[in-house]
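Hi,

Here is the structure I promised to send over. Have a look at it first, and then read on for what turned up.

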Protein chains: 4
Amino acid sequence: MDITDLQDFVETVPFLRMLGMRLIDTEGGVTFAATIGSDFVLDGAVVHGGIVASLLDTAATFALIGASGHDWTTVDLRVDYLRPTPPGSVSVRGEVVRRGRTIGRSRAELVDADGKTSATAIATFVPNTE
Amino acid sequence: MDITDLQDFVETVPFLRMLGMRLIDTEGGVTFAATIGSDFVLDGAVVHGGIVASLLDTAATFALIGASGHDWTTVDLRVDYLRPTPPGSVSVRGEVVRRGRTIGRSRAELVDADGKTSATAIATFVPNTE
Amino acid sequence: MDITDLQDFVETVPFLRMLGMRLIDTEGGVTFAATIGSDFVLDGAVVHGGIVASLLDTAATFALIGASGHDWTTVDLRVDYLRPTPPGSVSVRGEVVRRGRTIGRSRAELVDADGKTSATAIATFVPNTE
Amino acid sequence: MDITDLQDFVETVPFLRMLGMRLIDTEGGVTFAATIGSDFVLDGAVVHGGIVASLLDTAATFALIGASGHDWTTVDLRVDYLRPTPPGSVSVRGEVVRRGRTIGRSRAELVDADGKTSATAIATFVPNTE
């Protein structure tokens, strides 16, 4: 799948549009830019951990979609929160760790506006080929 | 903290209001009702995994807040997706596994409109006592 | 598979014999007794975290084997260390969370000699039907 | 701590000697060689997942010990099994992801005799400064 097809897929989900997710690179993985507004912030200062998980899960899933050309379903997800993520511009990158016939694994990393890695994830997937 | 204080905390976060999170029980943990609209759905059929993670992380965090009276920050989170979650009414329950001085652990479970457990989580926290 | 078949399987692995793993119950899951000797202890006081993981992974796997009658391979494993495990007698119980055709999930819990839950795990498996 | 001090620490644990763990590098992390004998194998072919977890947990812990000069306790551990690990010579490398005052995070990777990454882990730690 090329970058336009993948972005079209993102556009079908209003939630991902709310996060301003834009696919900006597909070289050796997928990289999205996103913009996190104040609706998704706790105490006016820190992005909700579930939004961080949403960005990471999306990037990890699209890494597999981009590599395989078909959809995948998340089986389990581990997120490591390394530091608070401030709202604003972020980038999130997903890379395939291993793609098998029945199981896929990918990882993702969130970089905040200051260029710091604020969270990482690793997730297990099954192909969704219905 | 009583149920009103906890609900007031939830109300300060627009994202949690979008998910219609309402604290309905604080007996031996915290239970929220929520209503997941079409904005958070993939392919018109399944709730985005990041939203599932958001509900579980919120319930797990509030279990510790309710038990301790102070805030906690998620260090890491594991989500197990057991079956697809359809949109609509869900309930999500968080329970403290172990609360120490420097580390807290809690788990959460999401029950869908059909009464099925669609996802579970376990998470590690540190006290946020600033 | 009955309790004797499962115990025979355990006996084929010298490492599990070193841990004195004995299947003592198969009601609604599997429960093993084990005896952890000084070879597996750090600083003379605490069982190595990898041994805790070994007991939990074994119980989680056998819960699925017992329920399905065939072998399973661990895809990923999360262990939560809740308190230090002292050496000596322990019990470890595994229960199936959800068994699908292509993915299995089970959890396990380690109870130390003082009757305290010292660690828990949740793991994802694929059937091993070669 | 230098390489000799770290290896001396390993030598105090009989279990780690059974696995033949030898610290061979401390550049930007810690790398151990190990030799996994038939006692730790299932079906004569594959290393027990708990042994894989033991090697990864040890490397992840020593990465933090090496960087900080003091001991750390594992709070939680996620292991991803990417392919079966055959017995024999392996190497396992641990690297610090982030070291804070109250929480440490490190990752580890196991490379089998064929040069393939057979498993990875990420773990959360607290300082053990008693």
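Let me start with one pair of side chains: R78(A) and D76(B) meet in a salt bridge, with 3.2 Å from N to O. Bear in mind that this is a predicted model, so every distance here is read off predicted coordinates.

There is a partner to that pair. D76(A) forms a salt bridge with R78(B), and the closest N and O atoms are 3.2 Å apart there. This one crosses between chains, going from strand 5 of chain A to strand 5 of chain B. In general, side chains of opposite charge can pair when their charged atoms come close. Across the interface of chain A and chain B there are 2 salt bridges, along with 12 residue pairs in polar contact.

What does chain A bring to this contact? Helix 2 (14-18), strand 3 (41-42), helix 3 (49-68) and strand 5 of chain A each supply at least two residues of the side that touches chain B. The largest share, 9 residues, comes from strand 5 of chain A. By class, that side of chain A divides into 15 nonpolar, 7 polar and 7 charged residues. The contact takes 29 residues from chain A and 29 residues from chain B, and the two chains bury about 2200 Å² between them, with 59% of it on carbon and sulfur atoms.

Strand 5 of chain A and strand 5 of chain B run antiparallel and are joined by 5 bridges. D76(A), for instance, has D80(B) as its bridge partner in strand 5 of chain B.

Within chain B, strand 5 (residues 71-81) is joined by 10 bridges to strand 8 (residues 117-128), and the two run antiparallel. In that pairing, D71(B) has N128(B) as its bridge partner.

Chain B also meets chain C. That contact takes 14 residues from each of chain B and chain C, and the area buried is about 1200 Å², of which carbon and sulfur atoms give 43%. R78(B), L82(B) and R98(B) supply 45% of the area that chain B buries against chain C, more than any other three residues.

How many salt bridges are there between chain B and chain C? The count is 4. In one of them, R78(C) pairs with D76(B), the closest N and O atoms being 2.8 Å apart. Strand 5, strand 6 (88-99) and strand 8 of chain B each supply at least two residues of the side that touches chain C, and strand 5 of chain B gives the most, with 5 residues. That side of chain B has 6 nonpolar, 2 polar and 6 charged residues.

Over all chains, the structure holds 20 salt bridges.

Cheers

Methods
Residues numbered from 1 in each chain as written. Chains lettered and ligands numbered in written order. Predicted model: local features only at pLDDT ≥ 70, side-chain atom pairs only at ≥ 80, totals over all residues. Heavy atoms only, no water. Pairing = 2+ DSSP bridges. Helix = DSSP H or I, 4+ residues; strand = E, 2+ residues; numbered from the N terminus. Contact = heavy atoms within 4.5 Å. Buried area = accessible area lost by both parts, 1.4 Å probe. Nonpolar A, V, L, I, M, F, W, Y, C, P; charged D, E, K, R; others polar. Polar contact = N/O pair within 3.5 Å; in protein donor to acceptor, adjacent residues only side chain to side chain.
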